[in-house]
Amino acid sequence: MRKLAVVVLAAGEGTRMKSNTPKVLHEIAGLPLIGHVLATAHSFDSDAVVIVLRHQKQQIETYVSSFYPRTLIATQDDIPGTGRAAQLAIAELPSDFDGDVLVLSGDVPLLDVNSISELIEIHREFGNTGTLLSTVLENPQGYGRIMRSRENFVGIIEQKDASEEQLEINEINAGVYIFDAIVLRKHLESLTVNNSQNEKYLTDVAGLMLTAGERVSAHPIQDKWLVAGVNDRAQLQEVAAELNSRIIRGWQLAGVSIKEPASTWIDVTVQLGKDVTLFPGTRLHGKTSIGQGSQIGPDTTLTDSKIGEGVLISRSQVEGSIIAAGATVGPFSYLRAGTELGADGKIGAFVETKNAQIGAGTKIPHLSYVGDAEIGEGSNIGAGTIFANYDGVNKHRTKIGNQVRTGSGNVFVAPVSIGDGAYTAAGSTIRRSVESGALALNPTPQKNIAGWVLDQRPGSKAALAASKDTE
Ligand code: UD1
Ligand code: CA
C-alpha cells in the first residue's frame with residue numbers, strides 16, 4: 001500500500017472575512033470550518049496530517065491541538081502563497097517520504113471522505129503524478145480556472161491573472177489535490193512569485209509538472225457544494241445553509257419530522273431518535289441528543305442537552321441540561337447548565353432553572369426561579385417561587401424532599417432544607433429548615449385600616465369605587 005500524507009492549508013489571512021476571528025475558526029453547523037476539514041483529513045489511514053498556519057496561528061493552534069492533537073503543525077514564513085504553504089508542510093514529513101500528498105484547503109468545509117477517496121483512486125489507477133478536483137460553476141468569480149486544450153487538462157490560471165477570454169471558463173479549481181510527494185517537492189522548489197499577487201501558487205505546480213512530461217489530470221465533480229470555498233461572510237452563510245439542509249434531509253430520511261426546514265438548524269454533532277418532531281424555529285446545538293418521539297419547538301433552542309423519550313419542549317431555551325422521559329418544559333422557560341428534570345416532571349411557563357436536580361414527577365408549573373437546588377420526587381413548587389441562592393457573596397443550596405407541597409409566592413433563603421411530605425404556606429419566606437411532615441408558615445399578621453382610601457385618596461377612582469361599595 002502506498003503511503004499517504006494529508007496537508008491542510010490554513011495560513012492565509014482571510015482578509016475578505018473582515019473579522020478578528022481567523023477565517024477557519026468561523027463556525028458552520030456547530031464546528032469551525034477547520035473542524036470539518038480536520039475531521040475529514042483524519043479519517044484517512046495516513047502517515048501524517050500536517051496543517052499550515054501563520055495568520056492568527058495561536059488561536060487556530062489552540063483548537064487544533066485540543067481536538068486533533070495528532071496533527072503536525074507547520075508555520076508559514078514571510079513568503080506568501082499556497083505553494084509556499086505546501087512546501088513548508090512537506091518539510092514536516094520525513095525527508096524520505098515517497099508516498100502521495102493529499103492537499104486540502106482549510107476553507108473548503110463540505111468536501112467529504114467519499115469524494116476524496118475517489119480522487120485518490122483515480123490518481124493511483126491512472127498512474128498520475130498529480131490529480132485535482134474541479135467543478136463547473138455558473139458563476140466562477142474568484143476561483144482559479146481549469147485550462148484545457150481539447151479535452152486535456154493543461155493548467156490552472158488564477159482569476160487575477162486571467163485574460164478576458166480565460167475568465168469565461170466555467171470549470172474551476174476546487175483547491176483539492178493529490179501529488180506524488182517526490183515530484184511535488186522538486187517542483188515546489190522552482191515556483192516563483194511572478195504573478196499579479198506576488199505569491200507562490202500551488203496551482204502553478206500542475207503546469208510545471210505537465211511541461212516536465214508528468215501525468216496530471218483534473219476531475220470535475222457534479223456536486224459543486226462539496227468544493228465550495230469560503231472567502232467572505234456571504235459564502236460562509238451560503239455554505240452553512242447548504243450543510244444545514246443536507247443535515248435536515250439526513251434526519252428526515254432517518255425518521256424525524258421537521259415541520260419547517262427553512263427555520264430549523266441542526267449541528268452536525270446532534271443525535272436524534274425516531275419519530276422526533278421538530279416544530280418551526282427549532283435550533284439544536286452542540287452535543288444535544290433527543291430520544292424517540294419527543295416534540296421540540298416551536299421557537300426552541302437546545303444546546304449540549306440530553307433529552308429523553310417522549311419529552312415535550314415548547315418556546316424555551318435549554319443549555320447543558322438533562323431531561324428525562326415524559327417530562328414537559330415551557331412554554332417560555334430558560335433551563336441553564338446543570339438542570340436535571342426527572343421522568344414525567346414539569347417545568348412550566350416562565351420558569352428559570354440553574355444547577356437544579358429535580359426528581360421524577362416533580363412540577364414547577366409557573367413563574368419561578370430555581371437555582372442551586374435539589375428537589376425530590378413527586379413534589380410541587382407553588383407559583384411564583386424564588387430560590388434565593390445568593391447572599392451577595394456566596395451561592396447556597398436549597399434541598400427539598402419527596403412529595404413536598406410548597407405554597408405560592410415562597411422565597412427559600414438558602415441554605416435551607418424541607419423534609420419529605422412537608423407543606424409551606426402561601427407567601428412564606430423560608431429561612432429555617434422544615435422537618436418532614438410539618439407545615440411551615442411565617443405570617444405577619446394582616447392589618448386592615450378602615451376608611452384609609454377615603455381619608456388619604458379622596459376624589460380618586462378608588463375612593464369613588466369604595467364609597468359606592470359602602471352605600
Ligand atoms: C485557491 C486557488 C484557486 C482555487 C481556490 C479554491 C491558489 C493560488 N489558488 O484560491 O485556484 O480555485 O483556492 O477554493 O492556490 N493559504 C495558505 N497560505 C497562503 C495562502 C493561502 O496556507 O499563503 C491557505 C488559506 O488559508 C486557504 C487556502 O490556502 O485555506 C486557499 O487560500 P485562498 O487565499 O483562500 O485561495 P483562493 O484565492 O481561494
Ligand atoms: Ca479560498
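Reader: How do the residues of the shell around ligand 1 divide into nonpolar, polar and charged?

Author: Happy to start there: this is a predicted model, in which local features need pLDDT of at least 70 and side-chain atom pairs count only at pLDDT 80 or more, while totals for chains, interfaces and linings use all residues. Residues are numbered from 1 along each chain as its sequence is written, chains are lettered from A and ligands numbered from 1 in the order in which they are written, and side-chain values use heavy atoms, with hydrogens and water left out. With Ala, Val, Leu, Ile, Met, Phe, Trp, Tyr, Cys and Pro counted as nonpolar, Asp, Glu, Lys and Arg as charged, and the others, Gly among them, as polar, the shell holds eight nonpolar, eleven polar and four charged residues.

Reader: Which residues come nearest to ligand 1?

Author: A residue is near if one of its heavy atoms lies within 4 Å. There are 23 such residues around ligand 1. Those that come nearest are Leu9, Gly81, Thr82, Glu158 and Asn173.

Reader: Which residue has a polar side-chain atom 3.4 Å from an oxygen atom of ligand 1?

Author: Let's look at polar contacts, pairs of N or O atoms within 3.5 Å. Ala11 brings a backbone N or O atom 2.8 Å from an oxygen atom of the ligand, and a backbone N or O atom of Gly12 also lies 2.8 Å from a ligand oxygen. The side-chain contact at 3.4 Å belongs to Asn231.

Reader: How much of the accessible area of ligand 1 does the protein cover?

Author: Accessible areas come from the Shrake-Rupley method with a 1.4 Å probe. On its own, ligand 1 has 750 Å² of accessible area, and the share that the protein covers is 89%.

Reader: Which element gives the largest share of the shell around ligand 1?

Author: Elements are DSSP runs numbered from the N terminus, with helices (H or I) of at least four residues and strands (E) of at least two. Those giving two or more residues to the shell are α3 (82–90) and β10 (171–180). The largest share, three residues, comes from β10.

Reader: Which residue in the turn between β8 and β9 has a positive phi?

Author: β8 (145–149) and β9 (152–157) are antiparallel, paired over five bridges, and Ser149 partners Asn152. They form a hairpin with two residues between them, and the residue with a positive phi, about 55°, is Arg150.

Conventions:
Polar contact = N/O pair within 3.5 Å; in protein donor to acceptor, adjacent residues only side chain to side chain. Pairing = 2+ DSSP bridges.
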